[in-house]
Protein chains: 2
Amino acid sequence: MPEQTTGPRPTLEAVAARAGVSRATASRVVNGGAGVRAPLVDKVRRAVEELGYVPNHAARSLVTRRNGAVAVIIAEPEFRVFSDPFFEQQVRGISRELTAHDAQLVLLWVEGPGDHDRIARYLGGGHVDGALAFSLHDDDRLPALIGRTRVPAVFGGRPAAGSGQGVPFVDADNRGGAREAVRHLVSLGCRTIAHIAGPRDQTSAVDRLHGYRDVLPGADPALLCQGDFTEESGARAMAGLLERRPDVDGVFVANDLMASGALRTLRERGVAVPGDVAVVGFDDMASVAPRTDPALTTVRQDIEGMGRLMVRLLMRLLDGTGGEAPASVVTPVTLVRRASA
Amino acid sequence: MPEQTTGPRPTLEAVAARAGVSRATASRVVNGGAGVRAPLVDKVRRAVEELGYVPNHAARSLVTRRNGAVAVIIAEPEFRVFSDPFFEQQVRGISRELTAHDAQLVLLWVEGPGDHDRIARYLGGGHVDGALAFSLHDDDRLPALIGRTRVPAVFGGRPAAGSGQGVPFVDADNRGGAREAVRHLVSLGCRTIAHIAGPRDQTSAVDRLHGYRDVLPGADPALLCQGDFTEESGARAMAGLLERRPDVDGVFVANDLMASGALRTLRERGVAVPGDVAVVGFDDMASVAPRTDPALTTVRQDIEGMGRLMVRLLMRLLDGTGGEAPASVVTPVTLVRRASA
């Protein structure tokens, strides 16, 4: 900050005079710049910086929110971004909340590790005020790269241990929700309860697996199947499970899409749900869970709300009012009972 | 360009010396800047500009491709962006071609007219080297706003008459394809051929309607139904059509998604396809046309290829080699015969 900070505080009039614009124009720029031509915005911002004008909250935002844009980075390839309704729902929450803050959402995704450097260059190029990144994987270089660019960031989902230090995240209570799902199957009288797990390199999937093991520590390893959060992988895992353990009478599936695939396999084999096998999913995705046949009992996480929360944490970081970075948030989940269990 | 252009051409060594960096660093910056810290990149770029260093293609790109990012703007709300496979396919083509040019894709969409100013501010803020915009509507302010920001742009689909002048576009031969579709229905012996049209404010839909009318200039207006390119609107339009003209024996539907909805209605009413009613769509979307029941005869446009072509035109604009802006391209379409007609 320049010398003026020790003298009398510069006025908005002084800013306007120095920039050679009207007071109204200077005021509009200080309050976001809507409707002011770019060269004038630049002049006023220069004058603000040169004079050290600090009127209120808006002037502080002028520095930290100068681009009016926030990058949303989904660490998945394009085909998953557009086919998994989880991402749509999270992006919807983020989009609405960013619009409320008059910030432009720019969406980026990661086709493969070859994209990392380019994304880091873009973030480091000063084109966005902040970044929201989700669907991170354990071996992801993204948290480290984002950290190095010093762009304020919030993660969706807890990053792997040892990465993303100091970056707040928003997560759901995955382990607690998984416990609740498995306990529900136990309470229905299921005796042979399997788990179709999500990718081993994502903390959300690992936490759900831990929740299953919390309730059933001695479960037969043959009851554990590996999926990748896609519907197809759920269908395949269920088929393998029926071969290995035809006596299975309950399945906790780590997300709704895979559960939808598992239900398809059960239907094709003529296995009655929930009569022969009860099924519980995770997510409660509006476009999936109520529409499966039978409708899916599942663990509801507020995906859209978590997206909104990520934006609010980021805005607190950008405004820097609290002194300390905002704390990470783990949101509660609830069991939603439908026909499948 | 500075005075040096008349003297001996400045060397890369001169650029390095002026910027106070090694020749290797200057070279890396001139060739894209990967792995070089931002302050050094700026120093080298300033030296390049001050000296008027023009080594080759790469130096020219340094000015026009300084952000390494291209905005892709879909003039549709988020729910359509994520649910209409057309957009996914076009974005896939764009994404692959941008990656080949080492440019970062940043995706923006338009929830409503309230977003226009914010998008224009972002584009005008110098954060991207160019913009690709598609699914434009007749009353869209986007073409004008993009024009005002002077960001080089290419449109997907022909903009409405009077907007987007001077901006090249990539379009499919919508009118020719529609003619071929309707002629195919005529050749099958259909006598009462209806059309389910797309939004009146999009040139692609209007062109397809014109193609239908070219072949059937005297068609009963009751055979014309209005849809909005969504599956649901196709199902509704077909239901209305069956009520008004139960004698209909052929339908040309303006896109595959609406055709899929129309087929659903016909199936539910027990109308045999193609026995009672033959159906032809438009797009040949991989995730739709071969999977409908019965599989859809449709007009194939190379959606992914059109996305790629948009990027190539933009890169030609950015490189500015040709002197003149590249011409717009109208790509050919072909009828793909399956079971529905």
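Buried area is the accessible area, taken with a 1.4 Å probe, that two parts lose on being put together, summed over both. By that definition, the area buried between chain B and chain A of this predicted model is about 2,700 Å², of which carbon and sulfur atoms give 52%.

**Interface between chain B and chain A**

- The contact between the two chains involves 28 residues of chain B and 29 residues of chain A.
- On the chain B side, the residues that lose the most area to chain A are Phe82(B), Gln104(B) and Arg118(B), which together account for 26% of what that side buries.
- Across this interface 6 salt bridges are found, and a salt bridge also describes how the side chains of Arg92(B) and Glu78(A) meet, at 3.4 Å from N to O.

**Relation between the copies**

- Strand β3(B), residues 130–134, has 5 of its 5 residues buried, so the strand is largely enclosed by the rest of the structure.
- Both of its faces are covered, with Gly130(B), Leu132(B) and Phe134(B) buried on one side and Ala131(B) and Ala133(B) buried on the other.
- Strand β1(B), residues 69–74, pairs with β3(B) in the parallel sense over 5 bridges, and Phe134(B) in β3(B) is the bridge partner of Ile74(B).
- Strand β4(B), residues 153–156, also runs parallel to β3(B), to which it is joined by 4 bridges, and within β4(B) the bridge partner of Ala131(B) is Ala153(B).
- Between β3(B) and β4(B) the chain passes through helix α8(B), residues 142–149, in a β-α-β crossover that is right-handed.

- Beyond its neighbours within four places in sequence, Ala133(B) is in contact with Ile73(B), Ile146(B), Val154(B), Phe155(B), Gly156(B) and Met310(B).
- Ala254(B) lies 121 residues from Ala133(B) along the chain, and the C-alpha atoms of these two residues are separated by 21 Å.

Notes:
Residues numbered from 1 in each chain as written. Chains lettered and ligands numbered in written order. Predicted model: local features only at pLDDT ≥ 70, side-chain atom pairs only at ≥ 80, totals over all residues. Heavy atoms only, no water. Buried < 20%, exposed > 50% of the residue type's maximum accessible area, 1.4 Å probe, protein only. Helix = DSSP H or I, 4+ residues; strand = E, 2+ residues; numbered from the N terminus. Pairing = 2+ DSSP bridges. Right-handed = clockwise from strand over helix to strand, strands pointing away. Contact = heavy atoms within 4.5 Å. Salt bridge = Lys/Arg side-chain N within 4 Å of Asp/Glu carboxyl O.
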